Amino acid sequence: MTAPAAVPPGTAGPPGAARRRAAAPPRRPARRRRLPFSAWHLLLAPLSLGFALPLVWLVLSSVMTNAEINRFPPSLWPSGVDLGGYDYVLGNAMFPRWFANSTVVAVSAVLSNLVLGSLGGYAFARMRFAGSRLLLGLMLATMVIPFQLTMIPTFLVMKSLGLIDTLGALIVPSLVTPFAVFLFRQFFLALPRELEEAAWIDGCSRLRVLYSVVLPLARPALATVAVLTFLTTWNDLTWPLIAINHDTQYTLQLGLTTFQGQHHNRWSAIMAGNVITVLPVLLAFLFAQKTFIQSLTSSGLKG
């Protein structure tokens, strides 16, 4: 018997092997395994947990008993949910009245800044009048003046108006801020004029153009001004401490400071009062975050 002839290199092998090689899928280069999230999350997640720990401890302490809070070493987790601190704050103190006062002052300041700030920002952005640039510069210069320098003149003005020891003394100085006017102006400058010109051709006045065309596109600016004004007014302590004397007109921050001094041995009630004070701020932040996302993902220009 004769041996099968050797296949020279470079020629095709047996027919079966050729078919198997043709049917085999081509090899793909190995892919690098990627994380299901951004690598920055490995750094940001521990930092966010570190920032959240004081808030978590505040909430846990508000449902502890005074014995658990004063224990050494301190308890990291309550043995049970004790709402005695909340009952004491809401039942035996003037917290509901203080909460209502802070709500009235903060909401009034937010609404007035949205209305007056948008009017002033639109005037500086679209209208040219004598001394407009000088007036804008003077307004911006007031932003660098510390409150300690304007505190006494503001007090004298409020006293001459008869608003001292009333909520009006807290609302009037915050009706409109230079920051709100400047932020609206910068946002309106970025909007195309073609939208307003089209409304003018249809017969709309400037005021109608502002509220029907411009402001619906300015939701990011509206949300930013609303949230920052709310946080500034809600957390203000210095001016209410000067302008308010009677406890029935206290804001929540001023009332909480007084409450802590009078009930320094009831830590559960103090922690519960702090939770009630911080809760609106957290809700405002969550609302602003959602508004920012919805506003930035939607476009005001339709093709």
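One aromatic cluster is formed by Y88, F95, W98, Y250 and F259. Keep in mind that this is a predicted model. Counting ring pairs with centres within 6.5 Å, the total is 10 aromatic pairs.

Take the pair of F99 and W234. The ring centres of F99 and W234 are 5.5 Å apart and the planes stand at 80 degrees, so this pair is edge-to-face. Where do F99 and W234 lie? F99 is in helix 5 and W234 is in helix 12, residues 219-234, so the pair ties together parts that are 135 residues apart in sequence. W234 has a relative accessible area of 2%, so W234 is buried. F99, at 32% relative accessibility, counts as partly exposed.

Staying on helix 5, look at S112, which lies in that helix. Is S112 buried or exposed? Its relative accessibility is 12%, and buried means under 20%, so S112 counts as buried. Setting aside neighbours within four places in sequence, the contacts of S112 are G117, S174 and L175.

Last, the helix contact. Helix 5, residues 95-126, packs against helix 10, residues 193-201, at an angle of about 100 degrees, and the axes are 13 Å apart. Angles of 65 to 115 degrees count as roughly perpendicular, and helix 5 and helix 10 are therefore roughly perpendicular to each other. Helix 5 contributes Y122, A125 and R126 to the contact, and helix 10 contributes R193, E196 and W200. By type, the residues of this contact are three nonpolar and three charged, with no polar ones.

Methods:
Residues are numbered from 1 along each chain as its sequence is written. This is a predicted model: local features need pLDDT of at least 70, side-chain atom pairs count only at pLDDT 80 or more; totals for chains, interfaces and linings use all residues. Side-chain values use heavy atoms; hydrogens and water are left out. Axes are lines fitted to C-alpha atoms, for helices over the stretch in contact, and angles run from 0 to 180 degrees between N-to-C directions. Helices (H or I, at least four residues) and strands (E, at least two) are DSSP runs, numbered from the N terminus. Angles under 35 degrees count as roughly parallel, over 145 as roughly antiparallel, 65 to 115 as roughly perpendicular and the rest as oblique. Contact means heavy atoms within 4.5 Å. Ala, Val, Leu, Ile, Met, Phe, Trp, Tyr, Cys and Pro count as nonpolar, Asp, Glu, Lys and Arg as charged, and the others, Gly among them, as polar. Buried means under 20% relative accessible area, exposed over 50%, partly exposed in between (1.4 Å probe, protein chains only). Rings of Phe, Tyr and Trp (its six-membered ring) pair if their centres lie within 6.5 Å; planes under 30 degrees apart count as stacked, over 60 as edge-to-face and the rest as tilted.
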